[in-house]
Amino acid sequence: MCHVIVTCRSMLWTLLSIVVAFAELIAFMSEDWLIGKSKTRSSAEPEEPSGPSEPYHPTLGIYNRCILNPGGQHTLQEILCGPYAENFGEIASGFWQATAIFLAFGIFILCTVALVSVFTMCVQSIMKKSIFNVCGLLQGIAGLFLILGLILYPAGWGCPKAVAYCGHYASAYKPGDCSLGWAFYTAIGGTVLTFICAIFSAQAEIATSSDKVQEEIEEGKNLICLL
């Protein structure tokens, strides 16, 4: 019989697992890993070509970018975002290709754990193995993949694509005239939270297998909610 077991610690672990997976996925897909030098764009209407200029910052991600569409005589300038690489081999740097692989593996594991975590309220073990412990181990492995990806990413700052955005002073582990965008910091924060989730999974296991839970089960309750 399925017993639905909900505790504060198990629910917190589930929520954190979902948040971490989404944070890493959003960061990976974002263009805001590197923020280029400030440039200006015209904000004038087509019939007023001498209007004021306003700054904008081109951004560069692992496989995508945001650039300014120069526009034409009768079209306004606008920022266009999308992938610059049509396939994996066109990613700007071999280091970024490795980063993409490691991050993709890590995110895939995190998304799988996030999906499984939703069902831990009903199923706490498979083949006598605690799902919480297995998921915690997988989150630790995912964290290692993420760390490798984040370590390799700055090594690609010397590629021609990054130099075009960040100036000639850009090189491996030196962003030149660029600054780091929110996506990079989100990926770092998500990695830290991944290891926190891996450690906290043990607390979720303890909470769902405590004596109080066993007492509730022996009383015949199918829905068990504990602080």
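**Exercises around Tyr153**

At 0% relative accessibility, Tyr153 counts as buried (under 20% relative accessible area; exposed is over 50%, partly exposed in between, with a 1.4 Å probe and protein chains only). We're working with a predicted model, where local features need pLDDT of at least 70, side-chain atom pairs count only at pLDDT 80 or more, and totals for chains, interfaces and linings use all residues. Numbering runs from 1 along each chain as its sequence is written, and side-chain values use heavy atoms, leaving out hydrogens and water.

**Exercise 1.** Classify the ring pair of Tyr153 and Phe184.

Step 1: grab the rule. Rings of Phe, Tyr and Trp (its six-membered ring) pair if their centres lie within 6.5 Å; planes under 30 degrees apart are stacked, over 60 edge-to-face, the rest tilted.

Step 2: apply it. The centres of Tyr153 and Phe184 sit 5.8 Å apart with planes at 35°, so this pair is tilted.

Step 3: locate the partners. Tyr153 lies in the loop between helix 3 (131-152) and helix 4 (160-166), and Phe184 in helix 5 (residues 182-208), 31 residues apart. Helices here are DSSP runs (H or I, at least four residues), numbered from the N terminus.

Step 4: check burial. Phe184 is buried too, at 8%.

**Exercise 2.** Find the cluster that ring pairs build with Tyr153.

Step 1: count pairs. The whole structure has 10 aromatic pairs. Tyr153 and Trp157 make an edge-to-face one, 5.9 Å centre to centre and 90° between planes.

Step 2: follow the links. Trp33, Trp96, Tyr153, Trp157, Phe184 and Tyr185 end up in one cluster.

Note on methods. Helices (H or I, at least four residues) and strands (E, at least two) are DSSP runs, numbered from the N terminus.
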